[in-house]
Amino acid sequence: MIDPFGRRISYLRVSVTDRCDFRCVYCMAEDMTFLPKADLLTLEELDRLCSVFVAKGVRKLRLTGGEPLVRRNVMSLIRSLSRHLKSGALEELTLTTNGSQLARFAGELAECGVRRLNVSLDTLDAAKFREITRWGDLDKVLAGIDAAQAAGLHIKINAVALKGVNDEEIPALIDWSHGRGMDLTLIEVMPMGEIGVGRIDQYLPLSMVRANLERRYTLTDLPDNTGGPARYVRIAETGGRLGFITPMTHNFCEACNRVRITCTGTIHTCLGQEDATDLRAPLRASNDDALVSEAIDRAIGTKPKGHDFIIDRRHNRPSVSRHMSVTGG
Ligand code: SAM
């Protein structure tokens with residue numbers, strides 16, 4: 001699968017549910033309306049759709065959400081998809097999770113061949129954690145991370161940099177993550193979906209964060225670039241890696257190798273644009289995969305060059321109407 005700009009698409013991110021057991025203030029409005037269950041692809045349909053992508057050249061599959069581990073029976077999907085790891089068709093099967101259910105599922109995930117997880121965690125302060133997530137319990141997430149590490153899973157922590165909320169705490173997050181052998185990636189907040197507050201009140205440019213960190217740590221740029229949007233540094237004092245995902249201050253769309261599908265079977269070929277193509281109808285129209293395969297090719301043929309997120313006083317509204325929970329980041 002090659003898009004109009006010559007980028008090979010080898011990475012699929014799948015939002016298996018739009019529901020979540022948290023309501024992070026930068027991700028969702030407090031009162032979210034979720035999709036009716038009848039609109040969702042079944043787990044069997046998700047498996048089939050993912051398998052079509054694998055047959056077309058996807059080498060890395062990431063399940064996300066909403067919260068992927070709150071979808072009922074999601075482990076049966078993961079177990080089934082793991083056949084593509086065994087066959088060698090897929091290099092990696094992984095998840096992005098808020099960690100709330102990890103204590104329960106970590107062992108099974110490892111058994112299914114999952115090797116790495118991204119866990120989203122913006123603060124280590126329990127009261128602040130509750131404020132950010134509205135509903136979350138920090139102790140449960142920390143227990144989930146313990147369980148995942150005990151099961152041998154490699155964890156990367158993702159933290160959204162939030163002005164006036166966790167900016168002071170970033171060194172503590174670095175020391176804690178690196179002290180436990182985990183990479184940490186910082187993410188700029190993106191103007192996706194109506195959340196009831198202006199983005200300007202949340203947005204903290206990572207260029208500023210980096211300048212502050214350089215007063216405290218020795219940062220060395222690392223050449224390793226996984227094709228993703230993060231740029232990494234090594235921190236001499238901790239020995240660990242710190243990533244920066246900077247869709248606002250600097251995007252890396254030229255190397256984008258990914259597309260996203262939602263739990264209703266819509267493909268979005270760019271996180272930051274409104275482009276969308278339905279794959280559910282062609283999937284359901286025939287047991288043969290030819291129709292859906294053609295629909296995927298058509299969608300990839302329209303992949304935009306990149307996103308144009310802006311947050312400033314004049315652009316304090318969503319750039320993209322859908323919430324991050326629709327595509328899972
Ligand atoms: N529930 C899972 C989790 O918490 O990781 C997966 C879905 S969540 C939408 C994926 C990631 O997107 C999380 O790291 C979250 O912090 C991040 N995120 C959500 N809304 C965002 C926004 N507007 N800008 C930047 N990152 C956002």
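This is a predicted model: local features need pLDDT of at least 70, side-chain atom pairs count only at pLDDT 80 or more; totals for chains, interfaces and linings use all residues.

Colleague: What happens at the start of helix 5?
Modeller: There, a side-chain oxygen of Asp125 comes to within 2.9 Å of the backbone nitrogen of Ala127.

Colleague: Which residues of helix 5 are buried?
Modeller: Phe129, Ile132 and Thr133 are, in a helix that runs over residues 126–133. They span an arc of only 85° around the axis, which places them on the same side of helix 5.

Colleague: Why would residues three or four places apart point the same way?
Modeller: Because an α-helix has 3.6 residues a turn.

Colleague: And on the other side of helix 5, what is exposed?
Modeller: Ala127 and Glu131.

Colleague: What covers the buried residues of helix 5?
Modeller: The cover includes helix 6, residues 138–150.

Colleague: Switching to the ligand. How many residues surround it?
Modeller: The ligand is surrounded by 17 residues, and the closest are Tyr26, Gly66, Glu67, Ser120 and Met190. By type, the shell divides into six nonpolar, eight polar and three charged residues.

Colleague: Which side chain has an N or O atom 2.8 Å from an oxygen atom of the ligand?
Modeller: That of Tyr26. For the ligand's nitrogen atoms, one is 3.0 Å from an N or O atom in the side chain of Glu67, and a nitrogen atom is 2.8 Å from a polar backbone atom of Met190.

Colleague: How much of the ligand's accessible area does the protein cover?
Modeller: The protein covers 94% of the 550 Å² that the ligand has on its own.

Conventions. Residues are numbered from 1 along each chain as its sequence is written. Side-chain values use heavy atoms; hydrogens and water are left out. Buried means under 20% relative accessible area, exposed over 50%, partly exposed in between (1.4 Å probe, protein chains only). Helices (H or I, at least four residues) and strands (E, at least two) are DSSP runs, numbered from the N terminus. The arc is that of the directions from the helix axis to the C-beta atoms. Contact means heavy atoms within 4.5 Å. A polar contact is a pair of N or O atoms within 3.5 Å; within protein, one must be able to donate a hydrogen and the other to accept it, and residues adjacent in sequence count only if both atoms are side-chain atoms. A residue is near a molecule or strand if one of its heavy atoms lies within 4 Å of it. Accessible areas come from the Shrake-Rupley method with a 1.4 Å probe; for residues, only the protein chains shown count as cover. Ala, Val, Leu, Ile, Met, Phe, Trp, Tyr, Cys and Pro count as nonpolar, Asp, Glu, Lys and Arg as charged, and the others, Gly among them, as polar.
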